[in-house]
Amino acid sequence: MKNHMITGISHITLVVADLDRTSAFFEKIFGAKIVFSSSTAIYLTINDLWIALNQGKSLSEQTYNHIAFKIQESDFDDYSKRIQALGLEIIQGRKRCKGEGRSIYFYDYDNHLFELHTGTLLERLELYCSQNG
């Protein structure tokens with residue numbers, strides 16, 4: 001039997017009520033670039049990551065399901081300012097242990113939760129393993 005391997009994320013699709021407002025959100029916060037636009041969808045890229053926005057109904061409620069993007073510690077305050085400049089609320093994240101990295105959590109206009117995080121998986125695993133013996 002052939003071994004099949006996932007090679008990465010192809011794209012992330014979000015259903016949004018207002019395509020133009022959400023594409024501006026991605027452009028202003030993440031520096032995304034529009035590569036395709038129609039009356040029912042907008043495709044953007046953040047570096048090599050493809051984000052597809054499809055026209056539709058917003059999520060009815062907010063949850064902790066989220067998309068987390070890695071940022072540098074030195075950019076943390078700049079990202080906070082970008083989010084606040086769009087009138088979005090930065091929400092309190094979960095309680096963290098020292099060494100896990102810092103996070104900014106915020107919802108978009110359609111109740112999608114985003115996190116901007118300064119830590120890495122390796123740092124987190126090393127921290128957890130050192131705490132658990």
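Which residues on the other side of α2 are exposed? Read on through the close-ups to find out.

This is a predicted model, so local features need pLDDT of at least 70, side-chain atom pairs count only at pLDDT 80 or more, and totals for chains, interfaces and linings use all residues. Residues are numbered from 1 along each chain as its sequence is written, and side-chain values use heavy atoms, with hydrogens and water left out.

View 1. Helix α2 covers residues 76–85, and F76, Y79, S80 and I83 are buried in it. Looking down the axis of α2, you'd find these buried residues within an arc of 105°, so they line one face of the helix. (The arc is taken from the directions from the helix axis to the C-beta atoms.) An α-helix has 3.6 residues a turn, so residues three or four places apart point the same way. On the other side of α2, D77, K81 and A85 are exposed. Buried here means under 20% relative accessible area, exposed means over 50%, and partly exposed is in between, using a 1.4 Å probe and protein chains only. Helices (H or I, at least four residues) and strands (E, at least two) are DSSP runs, numbered from the N terminus. After α2 comes G87, whose phi is positive, near 80°.

View 2. I29 sits in helix α1 and is buried, with a relative accessible area of 0%. Leaving out residues up to four places away in sequence, I29 touches Y79, R82, I83, L86, L88 and F106; contact means heavy atoms within 4.5 Å. I29 and L86 are 57 residues apart in sequence, yet their C-alpha atoms are 8.7 Å apart in space.

**View 3. Two salt bridges.** A salt bridge is a side-chain nitrogen of Lys or Arg within 4 Å of a carboxyl oxygen of Asp or Glu, and by this rule the count comes to two. One joins the side chains of E73 and R102, at 2.9 Å from N to O. That pair links distant parts of the chain: E73 is in the loop between β5 and α2, while R102 is in the loop between β6 and β7, 29 residues apart. R82 also forms a salt bridge with D78, and their closest N and O atoms are 3.0 Å apart. R82 and D78 both lie in α2, four residues apart, or about one turn of the helix.

**View 4. D108, a buried charge.** Look in the loop between β7 and β8 for D108. D108 is buried yet has no salt bridge, and the nearest side chain of opposite charge, R21, is 7.8 Å away. (Lys and Arg count as positive and Asp and Glu as negative; His and the chain ends are not counted.) A polar atom of the D108 side chain lies 2.8 Å from the backbone nitrogen of D110, and the D108 side chain also reaches the backbone nitrogen of N111 at 3.1 Å. Not counting residues up to four places away in sequence, D108 touches F25 and F114.

**View 5. The open sheet.** Four strands line up in the order β5-β8-β7-β6, with mixed pairing. β5 (66–70) and β6 stand at the edges with a single partner strand each, so one side of each has no neighbour in the sheet. Two strands pair if DSSP finds at least two bridges between them. β5 and β8 run parallel and are joined by five bridges.

Technical notes
Polar contact = N/O pair within 3.5 Å; in protein donor to acceptor, adjacent residues only side chain to side chain.
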